[in-house]
Amino acid sequence: MRHLLIAIAVSVALLGCSGKDGSTAGPTPERLPAADVEAGKILAERECKGCHGLDGKGAAPGIPHLAAQSERYLLASLKAYQEGQRTHAALRDMSEGMTEADLRNVVGYYAGLPPIEALSGARPPRFQPYENGKALAADCARCHGEDGNATTPGMPSLAGQQPRYFAVAVHEYLNGVRTTDPMHSLLRRLSKLDVESVALYFASQTPAQRGAASIGDPAAGEPLTAVCGGCHGSHGVSTDAATPNLAGQDRQYLVAAIKAYRKTRRHEGMEAYVSDLGQQDIDNIAAFYAVQKSRPAEKGETLVQELIEKCDRCHGPSLKNAAMAVPKIGGQDKDYLIMALRAYRDDRRESSMMHNMSLPYSDSIIESVSSFYASKPSQ
């Protein structure tokens with residue numbers, strides 16, 4: 001499902017950023033009326049200075065820089081606060097008292113300032129979830145094998161596993177929903193971003209092909225998996241980031257997991273289905289899934305770069321769509337970018353295109369994209 005959402009998001013992004021002829025220039029808009037910059041400076045001194053400064057630099061993390069920002073974007077943003085399309089009590093109150101000329105003047109003032117350049121060495125470092133996950137995953141190799149391909153009977157493989165499912169499973173171990181192992185104490189030191197990073201790393205690894213097990217009949221197990229395929233995908237290869245892949249999984253682990261739904265693990269659909277299975281049925285189902293060929297659920301090494309390339313179509317250094325209400329994001333405050341992307345993803349800020357673009361992504365991906373643009377020179 002995540003890949004389907006990405007395909008939809010790309011289509012929407014191209015539609016939103018392109019003209020009818022496929023170019024990225026877009027229609028030529030009406031020229032904005034000239035601003036009275038001095039009047040805008042007076043307004044900025046009175047209304048905006050406390051948060052955005054007279055130099056247009058955000059006064060604290062999470063407050064955006066306004067200096068040299070696109071006039072059309074600033075004007076559209078203020079009107080969105082004025083009309084209640086964006087939620088911020090102070091900005092709503094402030095903008096409600098402004099006339100059209102006031103909005104235009106203060107926007108013209110900030111847009112005309114030179115870009116904010118971070119002090120030497122002050123730019124945030126790039127956060128790269130795949131590399132972060134790879135480093136952290138080294139502690140998992142002892143049990144789960146090199147690159148997540150377990151060879152110990154009864155130990156689950158993590159290679160190619162769906163990332164959202166992996167993150168949920170980690171929290172279930174930490175909360176005692178699943179039976180824990182002493183090694184799970186390592187999980188307690190991981191932050192939310194770390195868990196998502198490890199999930200992305202393992203999801204991007206290639207699962208090893210398993211040979212036939214000595215217990216269970218794969219051919220007899222296949223018809224018993226008809227119900228399972230509705231959630232876990234054809235032959236156990238899931239297309240939903242929250243539903244685990246079963247293909248290529250360790251047979252003993254699958255048997256133990258199926259039986260756990262009869263005792264400790266809670267899932268209404270799974271509990272209902274496994275309650276009528278006999279031991280031979282369980283062995284056959286596990287044998288079938290164990291020999292199925294799986295594949296990586298993600299492309300973690302290239303995912304962020306591919307996403308940045310999509311963002312650059314509208315927000316890149318050349319700003320081909322500068323005539324549209326598109327913000328400059330190079331050199332922008334990282335915390336503000338994170339907040340904005342999360343707001344679009346969670347449907348708390350209006351923009352169908354940005355919502356669709358952000359919807360599939362975890363906090364770690366948003367953190368990575370935000371840190372990339374925040375570390376770039378101001379545009």
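The crossing of α8 and α9 is right-handed, a term used when the near helix is turned clockwise from the far one by less than a right angle, with anticlockwise being left-handed. Helices here are DSSP runs of H or I with at least four residues, strands are runs of E with at least two, and both are numbered from the N terminus. This is a predicted model, in which local features need pLDDT of at least 70 and side-chain atom pairs count only at pLDDT 80 or more, while totals for chains, interfaces and linings use all residues. Residues are numbered from 1 along each chain as its sequence is written, and side-chain values use heavy atoms, with hydrogens and water left out.

**Stop 1: the helix pair**

Select α8 (163-174) and α9 (residues 192-203). Their axes come within 8 Å and cross at roughly 135°. Axes are lines fitted to C-alpha atoms, for helices over the stretch in contact, and angles run from 0 to 180 degrees between N-to-C directions. The two helices are therefore oblique to each other; angles under 35 degrees count as roughly parallel, over 145 as roughly antiparallel, 65 to 115 as roughly perpendicular, and the rest as oblique.

Now show the side chains. On α8, the contact (heavy atoms within 4.5 Å) is made by Pro163, Phe166, Ala167 and Val170. On α9, pick Val195, Val198, Ala199, Phe202 and Ala203. The contact residues divide into nine nonpolar, no polar and no charged. Nonpolar covers Ala, Val, Leu, Ile, Met, Phe, Trp, Tyr, Cys and Pro; charged covers Asp, Glu, Lys and Arg; the others, Gly among them, are polar.

**Stop 2: two loop residues**

Select Asp147, in the loop between α7 (141-144) and α8. Asp147 is not a glycine, yet has a positive phi of about 60°. Its relative accessibility is 30%, so Asp147 counts as partly exposed; buried means under 20% relative accessible area, exposed over 50%, and partly exposed in between (1.4 Å probe, protein chains only).

Next go to His235, in the loop between α11 (229-232) and α12 (251-260). His235, also not a glycine, has a positive phi of about 55°. At 38% relative accessibility, His235 is partly exposed.

**Stop 3**

Finally, select Cys311. Cys311 is in no disulfide, and the nearest cysteine sulfur, that of Cys314, is 8.7 Å away. With a relative accessible area of 17%, Cys311 is buried.

Conventions:
Disulfide = S-S within 2.5 Å.
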